[in-house]
Amino acid sequence: MKRISFTIIICILTLFVTGCSAKGPLHKKSYVIKKVAEDVPSERYKFDRKEPVPDADVSTEIYYFKSKDRDLEFRAINTRGPAFFESGLYAKALHILYADDVHTLYDDEIKKVLENGGFSTKDNRFNIDSFSDLSNVADTLIKADDIYKEELNYNTIEWMEDNPYDKYRIAKKFINDKGKERGYTAGGVSINGSWDKKSLYDYLCFQYATYILEGDFSDPTVPKSVMDMAHTPSLKHVYINGIEVSETGYQNTKVEGAYNNSESSYYADYCYKLRDYVLTFNTATVPEDCGPHATEEYLDVLAPGYEVEYKKGIYKWQYNDSSYESHATENKDGYVDSFIIYKDGKDCQIPFVKCGEWTSPVHGVYSVGITVHDFAKLFDLTVEIDEENESVYFMSYPSIM
């Protein structure tokens, strides 16, 4: 609470120094130009003009930029917005609409494809009757995705995945007690230029089967091979050598008074991208009083005596006569942008997912997820997954119990 109060006080003092009214000052041109450059990583463009919006309720001006590579004009809105909820205080705000204006270039073609697909896509939703419809949905969506692939001429696939054209949901239709048509959520996909027909269809099948597995709806027409793709989303019970670290980790961190501590951060969650369950590995890029402390709990059991350098992103531990270190760095927004575990100075080459990545279940921007099988290999453990009981068991080999 002290941390929050201090932050608010500093922000309020700053606002009174810089102006806190709706008609207060705006960001300088040099700041706008700099921020636009950060948001437009690949395309060549030039600043065109700046236009004030005199009839706006708050101070507002629009910056216009033009691409040097194609017929594209995009905007940055330099304005003011509420500083705190219902506070009546305003602060400078900048909204860069590059992605939005890029997407408008594809509107006509993609909307035509969707209209010709034979489905109602009101509210970005495909309403289907049964599993057999998924193939036609995939056909329609891949045509839309192929259109957005043209953006690869101007931006990277990473940018496109971060800025998808749009997201479309799948809903299995049913008639409720009042005779009205409704839909069960049955999946969804973003049009981001990264798909081929098989990968898109497989992902839709995985989601559809998982919703059935979770009991959201039933569909006897689904083949067994598709149902075998489904996985329980979360394994809420994580055991290491008989200790339920998912429970002890949450409770111990709660007693410590750390903030951002949640029970779900200690689960093993399924990650479609890695085709495995992943464990949260918090990276120590933040202060010690920031949860979760899942990594600390693993190391308390497996490598007591470990060292942590909080805010530096470093853990050090000894295990089975080897020395280990994990190193993480973060970007300007606080997201982890690199994570490496070293064994005796050699990179272990462990894949990981970050918060916000496609199908990543990681909650915190300062945490990563590594697969349960890579975790087991790292510590020479056996691993057993029991999806029916939402549990995963790690055991030192030979058993120390």
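This is a predicted model: local features need pLDDT of at least 70, side-chain atom pairs count only at pLDDT 80 or more; totals for chains, interfaces and linings use all residues.
1. Residues are numbered from 1 along each chain as its sequence is written, and side-chain values use heavy atoms, with hydrogens and water left out. The protein chain averages a pLDDT of 91, and 93% of the residues score at least 70.

2. An open sheet is built from five strands in the order β8-β11-β12-β19-β18, with antiparallel pairing; strands (E, at least two residues) and helices (H or I, at least four residues) are DSSP runs numbered from the N terminus, and two strands pair if DSSP finds at least two bridges between them. Because β8 (234-235) and β18 (353-354) stand at the edges and each has a single partner strand, one side of each is left without a neighbour in the sheet. Within this order, β11 (residues 268-271) and β12 (residues 276-282) pair in the antiparallel sense over four bridges, and Ala268 has Leu279 in β12 as its bridge partner.

3. Strand β21 (residues 391-396) runs parallel to β9 (residues 237-240), to which it is joined by four bridges, while its pairing with β20 (residues 381-386) is antiparallel and extends over six bridges. Phe394 in β21 is the bridge partner of Ile240, and Phe394 is also the bridge partner of Val383. β20 and β21 form a hairpin with four residues between them, and in the turn Glu390 has a positive phi of about 50°.

4. Helix α9 (residues 245-256) packs with helix α10 (residues 294-302) at an angle of about 115°, their axes being 9 Å apart; the axes are lines fitted to C-alpha atoms over the stretch in contact, and angles run from 0 to 180 degrees between N-to-C directions. On the α9 side Val245, Thr248, Gly249 and Asn252 take part, and they meet Glu297, Tyr298 and Val301 in α10.

Note on methods:
Contact means heavy atoms within 4.5 Å. pLDDT is the predictor's confidence in each residue, from 0 to 100.
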